[in-house]
Amino acid sequence: NPKGGVGDNLQIAKTAEEFLTGHGIETTLHVTERAGHAPEMVETLECGSGEAICGIGGDGTMHELVNGMMRRAPENRVPLALLPGGTGNSFLYDLDCGETESALNRLIEPNQRSIDLFEITVEGKKRYGFNIVAWGMASAANVLAESLRALGRRRYDIATVIKVLRNRKYRARLESDGETLDGDFTFVALCNTVHTGEGMKIAPKADMADGKLDLIYIREASRIQLVRLFSKLGKGGHVGDPLVTYLHTAGLKVTTEDSVPITLDGELIESGSFEVKVLPGALELLL
């Protein structure tokens, strides 16, 4: 993705191509031309035994790779890999693989492992994710941040502060593993990875290969309590706080009439009721 990160992904691609070719690994370079192009590429690329698809980008690129791969027939799916080239690299934080050189070295003699994905259904439309589904205050902050683009990357922090100070509640019914909970919620997140965004530890107990998702939610909290909680999110210090519920689950159904959009792997999608279920071992990953 030449538009990802700080714009040097084409140079990373050329470096990767030279490095891998020098180690006897045949490569073919494909460059995306627009948003949504990567899933189309991944879906239609002809791949045989011993071949893999490696993206260069961040979490947004990984999300597109995953959705393209899941559109392929199961018998035609191949392993995925990712080289760092994005603004947010939560996926690579989890794999301790955030530097291009170390990531390339791992691809010379890679290990292959299966990781979980999840499927989200909104009004009958299915998508796939690897990282996080967030709803409530987190989504509302992302919506506000989109209108503050002139502030650069700081817009996310500023939008979050504004939404914390407003402290709006979002009414919904949550159904998870046979349990039902009705009421107002401040924050709801369902995570497959430990990190999200730029290294924030939203779900410190998450494991991409345990067949479970980590559900974190906050119900009633004052503005002061929310400020304290959100200041702990970066290092996972919110876990264990009496205001935070942290569970492992196979899925979640959220029924709501609230119009706040849903955040999927860092991207805003439509609003409405939604259902998420884990897909154990759905993706073959090269490390």
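Strand 6 (residues 170-176) and strand 13 (residues 251-255) run antiparallel and are joined by three bridges, where helices (H or I, at least four residues) and strands (E, at least two) are DSSP runs numbered from the N terminus, and two strands pair if DSSP finds at least two bridges between them. Within this pairing, Glu175 has Lys253 of strand 13 as its bridge partner. Strand 13 is also joined to strand 16 by four bridges, again in an antiparallel arrangement, and here Val254 has Phe274 of strand 16 as its bridge partner.

The model is predicted, so that local features need pLDDT of at least 70 and side-chain atom pairs count only at pLDDT 80 or more, whereas totals for chains, interfaces and linings use all residues. Residues are numbered from 1 along each chain as its sequence is written, and side-chain values use heavy atoms, with hydrogens and water left out.

Rolling a probe the size of a water molecule over the atoms shows where empty space is left. A cavity is a set of points, on a 1 Å grid over the protein atoms alone, where a 1.4 Å probe fits but cannot get out, and its lining residues have an atom within 4 Å of a point. Grid points are joined across faces, edges and corners, and a volume is the space filled by probe spheres set on the points. Two or more lining residues come from each of strand 2 (80-84), helix 4 (90-94), helix 5 (100-108) and strand 16 (274-286). By class, the lining has twelve nonpolar, no polar and one charged residues, with Ala, Val, Leu, Ile, Met, Phe, Trp, Tyr, Cys and Pro counted as nonpolar, Asp, Glu, Lys and Arg as charged, and the others, Gly among them, as polar.

The second largest cavity holds about 50 Å³ of space, and its lining includes Phe187, Ile216, Leu229 and His238. Strand 11 (213-218) and helix 8 (223-232) each supply at least two residues of that lining, which has seven nonpolar, one polar and no charged residues.

A last stop is His195, placed in strand 9 (residues 195-196). His195 counts as buried because its relative accessibility is 12%, buried meaning under 20% relative accessible area (1.4 Å probe, protein chains only), exposed over 50%, and partly exposed in between. Beyond its neighbours within four places in sequence, His195 is in contact with Ser90, Tyr93, Asp94, Asn131, Met200 and Lys201, contact meaning heavy atoms within 4.5 Å.

Definitions and conventions
On a 1 Å grid over the protein atoms alone, a cavity is a set of points where a 1.4 Å probe fits but cannot get out, and a pocket is an open set with protein on both sides within 12 Å along at least five of seven lines; lining residues have an atom within 4 Å of a point.
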